Amino acid sequence: MQWIVTSEEMKALDRTTIEHFQVPSIVLMERAALCFTKEVIKKVPCGHILAVCGNGNNGADGLAAARLLHQKGYEVTVVQAMDNGRRTKENQLQRDILKRYGIHITEQLPKEQRFDCVADALFGVGLSREPKGMYAEWISYMNACSGLKAAIDMPSGVSSDNGEAYGTAFYADLTVTFAYTKAGQLLYPGRMLCGELVTADIGITDASFLHQKPSAFTYDMTDLKRIPPRHPRGNKGTFGHVLAVAGSKNMAGAALFCAQAAYCTGCGLVKIYTEKENRVMLQSTLPEAILSVYQDDLPQDDSKTLSAQIAAGLDASLEEAIHWADVIILGPGIGQGKKARQIVAQVMKQAAVPVVADADALNILAEHLDLLKQAFAPLVITPHLGEMARLCKTDTNALKQSVRQAAEQFAKTYGLTCVLKDATTVTAGAGGTSFQTAGCSAMAKGGSGDVLAGIIAGLIAQGMVPEEAAHLGVYVHGLAGSRAARIKGSYSVLARDLIDAVGAVMECREESEEETKTIPITGRRATV
């Protein structure tokens with residue numbers, strides 16, 4: 001697992017390393033400059049470098065990098081903003097060192113815009129507003145230059161907290177950030193503006209948390225070991241029962257995908273509660289599943305309140321299935337008619353086991369948020385941005401600017417785990433927030449969300465705590481998407497391909513388990 005930090009958390013880590021552990025700031029700065037130059041040299045073996053520097057410590061990193069590149073034989077042009085009274089002592093020291101090496105520093109942008117590399121060291125992670133005036137002009141100039149665009153720590157004009165682009169922003173091909181990845185480097189549009197992201201070790205370690213861990217993290221391949229091992233004497237009861245309340249007329253695929261995904265993730269038995277019309281298709285494509293069907297012949301009469309409808313129409317077969325289950329998937333493809341509303345309300349009121357609510361269930365719950373507060377079972381919800389906007393009574397464009405905050409606030413308000421699906425999925429719960437770093441655009445196809453719901457439910461069925469299953473399920477889903485894209489290409493991946501790839505991901509978990517029997521695990525980050 002790797003920690004993800006905000007700008008304030010990174011500043012605190014810097015401060016603790018310098019003040020508590022007595023590591024001189026100039027030492028950290030020199031290591032940062034060395035890491036940046038190392039990455040630039042990989043991309044640009046020789047040539048002319050333009051370093052555009054501010055007056056803070058990010059600018060000082062840029063000045064140090066310019067000196068190191070000069071010493072490697074590069075032609076270096078250094079542009080720095082006029083002293084505005086905020087120039088740090090480290091920045092002034094780096095200026096003095098450059099002058100002693102005979103490296104000229106100018107306050108004017110060169111007329112020539114042909115460079116082999118442009119290094120952005122204007123603001124770093126501390127910027128929280130739109131660059132204006134001269135700084136906006138300088139960023140525009142850098143974007144117009146030829147050559148590799150490389151940002152030191154964070155592209156100027158991009159929030160390190162939420163990835164927002166503040167008006168004029170630097171479009172980096174490469175970003176070298178230090179110690180820990182920043183949240184804004186994983187959230188869009190910041191993720192795109194960073195280009196290739198390298199997180200470099202400069203000597204700030206987990207010890208600098210001083211028992212105050214960051215609130216966000218992301219998983220890596222070592223975390224697959226969190227998946228419960230298969231007991232050699234287990235049976236289908238050992239590995240859990242998943243009830244998939246999914247599918248309706250002309251929507252059988254949703255039920256199929258979530259059920260298959262739960263099976264492929266390792267659960268022991270799946271029961272599908274679905275509309276009668278889906279029986280033949282599901283029995284022929286997934287004979288491993290148990291079916292419990294209903295006939296949706298209720299008149300679409302909304303004159304009664306939802307509570308009154310439920311009281312008049314409790315479904316005995318659904319109640320039996322709810323008591324049978326160890327975890328329930330609720331919503332994929334069930335529609336939003338009267339029967340679907342009755343089903344959602346009955347599950348929310350009667351379930352005593354974890355519920356993974358998705359798709360149509362979320363749209364129904366958006367109109368009846370009281371059901372979320374009345375539920376006493378652990379809840380995991382998996383909305384995409386449109387569904388989340390309806391749950392939060394806002395619009396999608398506004399939500400895009402605050403994906404992390406929205407997921408965290410909704411999880412806190414209703415005491416649940418929120419998996420907010422986006423290009424970077426954010427999963428928030430009482431134990432913290434995770435960012436999805438696996439996966440790709442190939443997964444943007446119908447049925448992908450059904451697969452995710454099935455993966456999460458399959459992990460819960462095997463004994464994982466619902467919140468951890470949500471964090472890890474998102475990661476497994478992303479790994480499956482990346483693998484499927486390598487096999488099928490980014491345009492041609494279907495939901496069924498994700499399910500096929502889940503098996504390969506779970507095999508990686510088994511391989512890592514075998515390795516740990518003889519090879520010690522080293523270098524692993526702290527865990528939640």
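Which side chain does the side chain of S434 join through a polar contact of 2.7 Å? Select S434 and H471: the polar contact of 2.7 Å is between these two side chains. (A polar contact is a pair of N or O atoms within 3.5 Å; within protein, one must be able to donate a hydrogen and the other to accept it, and residues adjacent in sequence count only if both atoms are side-chain atoms.)

The model is predicted, so local features need pLDDT of at least 70 and side-chain atom pairs pLDDT 80 or more, while totals for chains, interfaces and linings use all residues. Residues are numbered from 1 along each chain as its sequence is written, and side-chain values use heavy atoms, without hydrogens and water.

**Around S434**

Colour strand 19, residues 432-435, which contains S434; helices (H or I, at least four residues) and strands (E, at least two) are DSSP runs, numbered from the N terminus. S434 counts as buried because its relative accessibility is 5%, where buried means under 20% relative accessible area with a 1.4 Å probe and protein chains only. Beyond its neighbours within four places in sequence, S434 is in contact (heavy atoms within 4.5 Å) with F217, T425, V426, T427 and H471.

**The cavity**

Next, select T218, Y219, T425, T427, S434, F435, Q436, T437, H471, V474 and Y475, which line the largest cavity. Strand 19 and helix 18 (466-488) each give two or more residues to this lining, and helix 18 gives the most, with three. The volume of the largest cavity is about 50 Å³. On a 1 Å grid over the protein atoms alone, a cavity is a set of points where a 1.4 Å probe fits but cannot get out, and a pocket is an open set with protein on both sides within 12 Å along at least five of seven lines; lining residues have an atom within 4 Å of a point. Grid points are joined across faces, edges and corners, and a volume is the space filled by probe spheres set on the points.

Move to G56, N57, N58, F123 and G126, the closest to the centre of the largest pocket among its 36 lining residues. This pocket holds about 970 Å³ of space. Then select K421, D422, M443, A444 and S448, nearest the centre of the second largest pocket, which holds about 600 Å³. Helix 17 gives the most to its lining, with four residues.

**Around C117**

Finally, select C117 in strand 5, residues 117-121. C117 counts as buried because its relative accessibility is 1%. C117 and V44 are 73 residues apart in sequence, with their C-alpha atoms 7.3 Å apart in space.

Note on methods: Buried < 20%, exposed > 50% of the residue type's maximum accessible area, 1.4 Å probe, protein only.
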